[in-house]
Amino acid sequence: MKSTGIVRRIDEMGRIVLPAELRRTMDIGERETMEIFTDGPSIVLKKYTPACIFCDSGRSVSLFKGKSVCARCLRQLRESSTESGAPEDQPTVGARR
């Protein structure tokens with residue numbers, strides 16, 4: 001982990017401001033969704049990337065019944081649905097959370 005030398009206080013509502021220079025360097029846009037992790041005593045922020053609920057792939061992810069599903073798993077769902085005779089639902093292709 002690389003130290004930036006930046007120190008910030010947490011405000012009364014529990015918020016921390018990420019400096020504009022750091023956001024530009026890390027390509028973090030306004031209203032961007034961030035994922036929060038803990039690693040021992042550390043808090044780690046990471047840009048959120050939707051991933052498939054079945055295989056955890058981040059490639060070609062669409063929303064299917066409100067869940068993130070990649071194109072490969074979606075194809076497998078359709079195939080198994082067709083084999084079982086169940087009706088297919090159409091995904092929201094290219095949708096992001």
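**Close-up 1. The hairpin of E1 and E2, in which Gly40 takes a positive phi near 65°.** In this predicted model, the hairpin has 2 residues between its strands. Strand E1 (residues 34–39) and strand E2 (residues 42–47) run antiparallel and are joined by 6 bridges. Asp39 stands opposite Ser42 in E2.

**Close-up 2. The largest pocket, to whose lining E2 gives the most.** About 950 Å³ of space lies in the largest pocket, and 24 residues line it, with Thr4, Leu18, Leu22, Ile43 and Leu45 lying nearest its centre. Helix H1 (20–25) and E2 each supply at least two residues of this lining, and the contribution of E2 amounts to 6 residues.

**Close-up 3. Helix H2 (residues 71–84), viewed for its length.**

**Close-up 4. The buried and exposed residues of H2.** Cys73, Leu74 and Ser81 of H2 are buried, a term that here means under 20% relative accessible area. Seen down the axis of H2, its buried residues fall within an arc of 100°, and therefore they line one face of the helix. What covers the buried residues of H2 includes strand E3 (61–64) and strand E4 (67–70).

How values were computed
Residues are numbered from 1 along each chain as its sequence is written. This is a predicted model: local features need pLDDT of at least 70, side-chain atom pairs count only at pLDDT 80 or more; totals for chains, interfaces and linings use all residues. Side-chain values use heavy atoms; hydrogens and water are left out. Helices (H or I, at least four residues) and strands (E, at least two) are DSSP runs, numbered from the N terminus. The expected span of a helix is 1.5 Å times one less than its number of residues. Buried means under 20% relative accessible area, exposed over 50%, partly exposed in between (1.4 Å probe, protein chains only). The arc is that of the directions from the helix axis to the C-beta atoms. Contact means heavy atoms within 4.5 Å. Two strands pair if DSSP finds at least two bridges between them. On a 1 Å grid over the protein atoms alone, a cavity is a set of points where a 1.4 Å probe fits but cannot get out, and a pocket is an open set with protein on both sides within 12 Å along at least five of seven lines; lining residues have an atom within 4 Å of a point. Grid points are joined across faces, edges and corners, and a volume is the space filled by probe spheres set on the points.
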